[in-house]
Each structure stands twice: as structure tokens, then as C-alpha cells.
Amino acid sequence: MITTILFLISLICLGHTYIFYPLILILLSLVAKKGVARDENFLPAVSLLVAAYNEEKIIREKVENSLSIDYPKDKLEIIITSDGSTDKTNEIVAEYKDIILKELPRAGKITAVNKTLPQATGEIIVLSDANTMYEKDAIKKLIRNFKDETVGGVTGKVLLTSEKATYGQGESLYGKYERYIQKKESQIFSVIGVDGAMYAIRKNLFKRIPPEIILDDLVNGMNIVKQGYRVIYDESAVGYEDTAASSKGEFIRRVRVSGGGFQMIVKNQGVPSIKQPFLLFQFISHKLFRWLTPFFLIILFTTNLFLININLFYKICFICQSLFYLLALIGGFFKLKALGTPFYFCLIQLASLIGVYRLITGKLRVTWTKGRE
């Protein structure tokens, strides 16, 4: 009896987060769709804040890209915060007189943001990664949404350039799926989380985040929504990010993401309260159950072993699970892009387990080196 209950609970939770939650969003967007009062001529003072660590290979391209952005020059402040870089990052940035360089000791991205953001002069702060290149109109597209006073944050559409990687196809599919959910959440009220490579917030809504927090972008976005403002997704604001060139690099990144997710819950940072029931429902459906997915999968497979001889339903479930994992193994071992989706899915689940382990053992670090390096 307990085995059956555990099997069904795991199956229902997995079905909810990956199938039923998106369907609920689709239905709600049809009956409770909220628009945004955008204004293309709304051009307040903006600060573009880029936190960088040892980015000598890409920082010049990022600076040139930032300087080429189509936004009034007298209203756009560009700040590069160097988080203890030991390569030529600072030297390269210093060549550009129109760029503000902030040199800080190595302490992690969120510490760099905590120290630099309050000093920015812009009414709106755009936060970006050093390896993310913006289209010329990206900032204008983000900013136009702030004409609507109910909007406290906007996240853009960052396209991943990982097609050469084994997991590229799977990551691309996952990215499209995630963006579709964000689009629907945005139409109803607010997205759960932002893309740390491209998002904008009202400066006056920023709340200092504890320096040990890993997922500063998610916590930052949730803090704004918890204040009653919307964080919306604008797919017309486009950027391009060169992701980790290997499954190992992507694996390392995912370990941090998952460990950081549980960390924010343990430390109660950015987590909605019961006083905001729908927001809490979104957070559980979109984030918490995603982070718990590897545990649900383990329970589902293990209990299925004990239930396999009961009836045809359990036999089919076991065959489907086994086949999926086999395809993932084949895709990873032979580096087959055609099997990138099952491989990538399993990759991030394994990374999630290790992320939880590192969080529990205190081995999850705030500072890190990018997987692409």
C-alpha cells in the first residue's frame, strides 16, 4: 500500500510540474490575461551593470557590444564590476573612458552587485553576464515595459549557442519550454525567476541579498514580486550567450543551480509566503518541484520495481522509464545530438542530486569558475 502511494505521489508531482502546470497557465491566460502598458518613447536613466571575473577572452567584445546599444548615451551608464579578476580583464576595461570600472576583491557576484548597484545612477538597473551579447534594441525593449507602474522587473530572451555540444539540442528544447512557461506566467501576473544574463529592475525595489546566496537572480526577481510588483518576460529583448562547451561544464553549472535553489528555501530568501497563495503555488509548481524531480524519479523507478507484476499499467511505466534512461545513456556515451533531450534531462537531474549533497556538506561555493573555461 505504501509503495503504491509513493509511486502515485511521485507520478502526480512529475505530471503536475511538467504537464499540468503549463496547461493550467494556458487556461488561465485565456480567461485572466493581463496586458502591459508599454511605451516605446519611455527612456529613463538606465545603468547597465556587468559583474565579471577573469573575462579577458570575452570582455572586450562585451564592452564593444554595450557601447553599441541603441539607447540615448546621456541616459545610459555602463558599469563593469570586476570581482577580483587576476587576468587582463581590468586592464582591457580601463581602455574605455566611457565605461565605469569597479575593482573589488574576490567575493562572488552577489557581493559585487550589493556593493555596486546602490552607487548606480540609473532609475532602472539592467543586470547582465559578461558572456551575454545584446541586440542593439534589447535595452529599449526591456525599458519600455517600466512605463507600466505595476511592472517592477523585466527579463529578456537569451538564446543559447550550444549547438556544438552533445546536450545542445536538449538544452535548446528545454529553453524553449521554459520560455513558453515564462510567457504564460507573464500574461497572468508574473514570471517566477529571471534570466540572470539579461534582466532589468527598478532600483528602488532592490533588496540587499545575503552574500552567501547562490541564485541571486532568482532571489532578486522573487523579492520584487513579493513586494506586489510584476516581473514580466519580454521575448523581443534578445541576447546571445555562449554556454558551456562540454557536458562537464554544463553539469557544473547545474550543480550550483540546484544546490542554490534548496539554499534559498533553507535560508528563506525570495520564497513566497502563504499570504500570497497563487504566487506560492507558482513557486512550488515551477521551481520547487523541478528541484525535487530527481527524488521523484528515484522513488518512481524504485517503487515501480516492486509493482511491476501487479498489472499492465505498471509494466508499461517501467518499460517507458527504462527505455528513456537507456536512450539517455546512449546519447551521452556516443555523443548523439539526436538523443540530446533525454541526455540533457538526466544530466541536470544528476547535477541536482550532487547540488543537494554539496549544500548539505557545506561544499557549495559562492564563487565559481565558468564551465566554458
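Mentor: Happy to! One term to start: a helix here is a DSSP run of H or I with at least four residues, and helices are numbered from the N terminus. Keep in mind, too, that this is a predicted model.

Let's begin with helix H1, which spans residues 2-31 and includes Ile12. Ile12 has a relative accessible area of 56%, and exposed means over 50%, so this residue counts as exposed. Together with Leu8, Leu11 and Phe313, Ile12 forms a nonpolar surface patch of about 350 Å². Helix H1 gives the patch its largest share, three residues.

Now to helix H11, residues 312-333. Phe318 lies in this helix. Its relative accessible area is 17%; because buried means under 20%, Phe318 is classed as buried. Leaving aside residues up to four places away in sequence, Phe318 touches Phe301, Asn304, Leu305 and Ile308. Glu123, by contrast, is 55 Å from Phe318 in space, C-alpha to C-alpha, and 195 residues from Phe318 in sequence.

Helix H11 also packs against helix H12, residues 340-361. Two packed helices are described by the angle between their axes and the distance between the axes. For H11 and H12, the angle is about 100° and the axes are 7 Å apart. Angles of 65 to 115 degrees count as roughly perpendicular, so that is how H11 and H12 sit relative to each other. On the H11 side, the contact is made by Phe324, Tyr325, Leu327, Ala328, Gly331 and Gly332; H12 contributes Pro342, Phe343, Phe345 and Cys346.

Definitions and conventions. Residues are numbered from 1 along each chain as its sequence is written. This is a predicted model: local features need pLDDT of at least 70, side-chain atom pairs count only at pLDDT 80 or more; totals for chains, interfaces and linings use all residues. Side-chain values use heavy atoms; hydrogens and water are left out. Patches are made of residues with over 30% relative accessible area and no salt bridge: like charges are joined within 9 Å, nonpolar side chains (Val, Leu, Ile, Met, Phe, Trp, Tyr) within 5 Å. Accessible areas come from the Shrake-Rupley method with a 1.4 Å probe; for residues, only the protein chains shown count as cover. A salt bridge is a side-chain nitrogen of Lys or Arg within 4 Å of a carboxyl oxygen of Asp or Glu. Helices (H or I, at least four residues) and strands (E, at least two) are DSSP runs, numbered from the N terminus. Buried means under 20% relative accessible area, exposed over 50%, partly exposed in between (1.4 Å probe, protein chains only). Axes are lines fitted to C-alpha atoms, for helices over the stretch in contact, and angles run from 0 to 180 degrees between N-to-C directions. Angles under 35 degrees count as roughly parallel, over 145 as roughly antiparallel, 65 to 115 as roughly perpendicular and the rest as oblique. Contact means heavy atoms within 4.5 Å.
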